[in-house]
Amino acid sequence: MFDTVQETVDRLAMALNRSVVLEDAEFVLLASSAHYDDLDPARLQTLTARRPSDALAAELRARRLHAQLVPRVLEADPAFGLEHARLAITLRSRYGVLGFLWITLVRPLTPSEASVITETVETLRSLLVNVSQSIEAVNAEVESEMLGLLTPDAPSRRNSASELVDLGMYTRSRRFVALCLSLGAEWAPWGGPPPREVISRVLLRAITTPMIDAYSFVPSTPDTFILIGFRNEPTPEAIDSMVAAIVREADAADVHEPLDAVVGIGAPVDGLADAWESYEQALVAVRVARSRGRRSASWMADPIAASVATLLAEEPPPHLLPEPLRRLAAAPPETLELFEVYVAHGERITEVAEQLGVHRATVHYRLKRAAASIGIDIDADDARFVIGAWLRQRWLRG
């Protein structure tokens with residue numbers, strides 16, 4: 001298929017007597033013609049590294065080439081190695097961007113040349129759609145088997161693990177870490193590219209460490225299951241760096257509303273069929289991160305917070321809330337704030353008084369009055385435990 005793409009690019013370049021370059025949606029080189037005395041530093045970079053410089057790629061994204069619907073001329077800009085103007089054509093399917101066609105403009109295009117370009121664009125679009133559909137079929141199969149890793153049935157998980165290896169995934173992986181990429185934005189309202197395309201770009205730019213054998217993901221709302229296979233035991237620093245890059249790239253995603261990405265990190269496991277354990281830990285870590293106002297959290301790095309999130313994971317239904325908890329839920333903000341400070345300082349009255357800027361006796365009085373208003377005795381150990389548990393569950397729910 002790509003031989004046909006290359007032949008199409010070569011024919012267009014010969015018809016125009018100028019250089020033609022085809023890149024994918026991430027500006028990675030797919031096909032390039034011979035050059036016609038119009039080689040400049042930007043094109044040389046693409047030919048040698050198969051992608052533009054980081055500075056030029058950032059500039060192209062800033063110019064929102066992914067969103068353009070008609071051809072655009074990019075004027076020469078030596079600061080980015082562009083010594084010649086270029087015609088940039090965004091190739092699209094109805095689902096998203098397929099790639100970019102670049103044609104150097106050392107001289108203006110004639111009407112006949114423009115007509116040849118128009119015809120060739122349609123040919124390339126069809127060819128890339130066929131390639132994309134083949135890739136989509138493989139992606140769908142991988143996603144199906146990844147979901148199989150999360151089923152409660154152990155034989156089914158082992159079968160999915162075997163199928164993934166047969167598909168060429170994780171063939172050299174010895175340790176597996178699951179991530180949960182949780183997004184605050186819904187997919188539908190933003191009117192932008194499909195979820196897979198957005199997450200694929202984020203991960204492609206963020207996951208670059210050579211320690212990784214393979215990774216795959218299942219985009220869903222709001223949580224995406226990401227599974228990374230490592231050849232050797234990954235260091236916490238390497239994982240933290242990768243997660244920070246995922247958050248950074250999600251923030252930079254070209255979408256209409258912020259993704260508000262939060263990443264949970266599970267513990268490494270030895271077997272592909274055991275990835276479900278790591279992912280369920282990653283789900284807990286997401287709750288920990290959100291409860292603390294952070295962008296990421298690790299199951300292993302904060303075991304106390306993970307324990308609280310695990311023990312208090314489920315919100316009880318309204319009909320199982322006793323009257324004191326109903327009253328606590330409806331208490332005025334100043335009452336909730338008093339209990340929150342009290343719990344946060346481990347019930348140490350002196351520290352509570354210092355934070356609130358009042359006398360210790362005033363704290364005792366306010367606590368007893370607040371406790372009486374919801375129908376509990378603040379001096380009872382069980383009552384203090386109930387208040388603390390309810391508040392912590394409230395924090396976990398955000």
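Colleague: How do the residues of the lining of the largest cavity divide into nonpolar, polar and charged?

Modeller: They split into eight nonpolar, one polar and three charged. For that count, Ala, Val, Leu, Ile, Met, Phe, Trp, Tyr, Cys and Pro are nonpolar, Asp, Glu, Lys and Arg are charged, and the others, Gly among them, are polar. Before we go on: this is a predicted model, where local features need pLDDT of at least 70 and side-chain atom pairs count only at pLDDT 80 or more, while totals for chains, interfaces and linings use all residues. Residues are numbered from 1 along each chain as its sequence is written, and side-chain values use heavy atoms, with hydrogens and water left out.

Colleague: Fine. Which residues line the largest cavity?

Modeller: The lining is V21, E23, A42, R43, T46, P52, L56, L60, L74, L82, R86 and W102. β1 (20–24), α2 (41–49) and α3 (54–62) are the elements that give two or more residues to it. α2 gives the most, with three residues. Helices here are DSSP runs of H or I with at least four residues, strands are runs of E with at least two, and both are numbered from the N terminus.

Colleague: What volume does the largest cavity have, and how many cavities does the search find?

Modeller: About 160 Å³ for the largest cavity. The search of the whole structure finds three cavities of 30 Å³ or more. On a 1 Å grid over the protein atoms alone, a cavity is a set of points where a 1.4 Å probe fits but cannot get out; a pocket is an open set with protein on both sides within 12 Å along at least five of seven lines; lining residues have an atom within 4 Å of a point. Grid points are joined across faces, edges and corners, and a volume is the space filled by probe spheres set on the points.

Colleague: Sheets next. What's the strand order in the antiparallel one?

Modeller: β2-β1-β5-β4-β3, an open sheet of five strands. β2 (29–32) and β3 (72–74) are the edge strands, each pairing on one side only. Two strands count as paired if DSSP finds at least two bridges between them. β1 and β2 have three bridges and are antiparallel, and L22 has A31 in β2 as its bridge partner.

Colleague: And what's the order in the mixed one?

Modeller: There the five strands of an open sheet go β7-β8-β6-β9-β10. Its edge strands are β7 (212–218) and β10 (296–298).

Colleague: How many bridges join β6 to β8?

Modeller: Eight, with β6 (residues 175–182) and β8 (residues 223–230) running antiparallel. V177 has I228 as its bridge partner in β8, and L179 has I226 there. On β9 (residues 262–265), β6 makes four bridges, also in the antiparallel sense, and L179 stands opposite I265.

Colleague: Why is β6 called largely enclosed by the rest of the structure?

Modeller: Because eight of its eight residues are buried. Buried means under 20% relative accessible area, exposed over 50%, and partly exposed in between, using a 1.4 Å probe and protein chains only. R175, V177, L179 and L181 point one way from β6, while F176, A178, C180 and S182 point the other way. In a regular strand the side chains alternate between the two faces of the sheet.
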